[in-house]
Amino acid sequence: MTHFKRKLFTIHSWFGLITGFFLLLLGLSGSLLVFLDELDEAIYRKILTVEPHTAPLPLDSLYKIITRQYPHLNGVAWTNPGAGQDQSYQFRLYGNDGRLISYDLGAINLNPYTGEILRQGRSDDLEVGWMQWIFQFHFSFHLGMPGEALAAVLGLTMLISIATGTFVYRKFFWKTLLFRTKINRKNWRTISSDLHRMAGVWSLALNVVIFFTGFWMNLFAFKKDIWAKEMRPTPANTVFAQSFDTLLLKARQTMPDLQPDYVYLPTQPARKFSVRGALKNESPLFISGNAIHFDAQTGKMTSLYRYADLPFGKKMEALAYPLHIGNFGGIGLKILYIIVGLTPGVLSITGFILWRRLKKKRSVSDIPVQKPKN
């Protein structure tokens, strides 16, 4: 092994050792979140299933129920506007208690026909269920802004590990892809070594996508003004002049090809009413690139954009979230994301075994050998 390659191997090993435990947690939580909606619905079906009636209550009525319950919010997002007749409406709650170490997400589920609150609470406890807890844990470790910055750093360190590992094991790259390598079952060291290389090679491309997008989406955690805002508690909710039902109808009429997936209901003066989703006959991959915004006081449309019309930089930015979570394909793609999501854990464990073996080997080689006396 050349001096340069040995240095890269050392960097690769230490980055993996230092961040391995956290990457294992990110991989496990991320794999579960691939089926966030499906698992949440399955686990809490009894709580979240409702009896259908003639017509649901107006969105304005549900909004009033939420804002009376939570008088200090940064905003409310209707996260399942395509809910079936027997499904509750789920809203994400954005708040701020003025503490840096808490990320103030929450959720509330309402019976759309009666307005009854079926489930509510913060995402950093278990009041709204395991899946919401895991969702917030995945990007912040429940440590607020410091946790989000840590998640971004971990994304970057994983990319460095991938880059150094690709160079160190480059001779095995094509052999592995062409199925010309087999696991040597001679002992734990050979098994770990081969598993480490094979898992790294086969998951390389998708892991680059997942960890780069994760790093990119958490970059805001390094902005000084964001930290300053997090230390200012949210003021009281604002009363808006416009009906949100009317604005939603306007959005549908203005963009009839838009299939709403996320409806943002403002609670503060500077925020806009917005509707986001995929266009008809368009891949869900572009879901974040189509949106329409309205001023909630005047009812005037402030912006409208489609993914196809965005500049290149904005297009790449819009792809980050769906590429990170793998929600733009069928069941096969989701299973692939789960498998690849587990590879950081496999790489961490096998990498640790290799490091321990190498350390023991070096320790033995450092023991001086005594020459026999004549």
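Leu 156 is partly exposed, with a relative accessible area of 39%. In this predicted model, the residue belongs to helix H6.

Lys 171 sits in the loop between helix H6 (144-168) and helix H7 (173-177). Its relative accessible area is 60%, so Lys 171 is exposed.

Leu 177 lies in helix H7. Its relative accessibility is 26%, which makes Leu 177 partly exposed. Setting aside residues up to four places away in sequence, Leu 177 touches Val 201 and Trp 202. Leu 195 is 18 residues from Leu 177 in sequence. The C-alpha atoms of Leu 177 and Leu 195 are 14 Å apart.

Thr 213 is part of helix H9 (residues 204-217). Thr 213 is buried, at 6% relative accessible area. Beyond its neighbours within four places in sequence, Thr 213 contacts Ala 320, Leu 323 and His 324.

Side chains of opposite charge can pair when their charged atoms come close. The count here is eight salt bridges. One of them joins Glu 38 and Lys 334, with the closest N and O atoms 2.9 Å apart. This pair links distant parts of the chain: Glu 38 is in helix H2 (residues 36-43) and Lys 334 in helix H13 (residues 331-365), 296 residues apart. Glu 38 is partly exposed, at 39% relative accessible area. Lys 334 counts as buried, at 12%.

Asp 40 and Arg 119 also meet in a salt bridge, at 3.0 Å from N to O. Asp 40 is in helix H2 and Arg 119 in strand E4 (residues 117-122), so distant parts of the chain are linked across 79 residues. Both Asp 40 and Arg 119 are buried.

## A salt-bridge network

Asp 104 pairs with Arg 122, their closest N and O atoms being 3.2 Å apart. Asp 104 lies in the loop between strand E2 (89-94) and strand E3 (105-110), and Arg 122 in strand E4, so the bridge ties together parts 18 residues apart in sequence. Asp 104 is buried, at 9% relative accessibility. Arg 122 is partly exposed, at 29% relative accessible area. A network of salt bridges links Asp 104, Arg 122 and Asp 124.

Conventions
Residues numbered from 1 in each chain as written. Predicted model: local features only at pLDDT ≥ 70, side-chain atom pairs only at ≥ 80, totals over all residues. Heavy atoms only, no water. Helix = DSSP H or I, 4+ residues; strand = E, 2+ residues; numbered from the N terminus. Buried < 20%, exposed > 50% of the residue type's maximum accessible area, 1.4 Å probe, protein only. Contact = heavy atoms within 4.5 Å. Salt bridge = Lys/Arg side-chain N within 4 Å of Asp/Glu carboxyl O.
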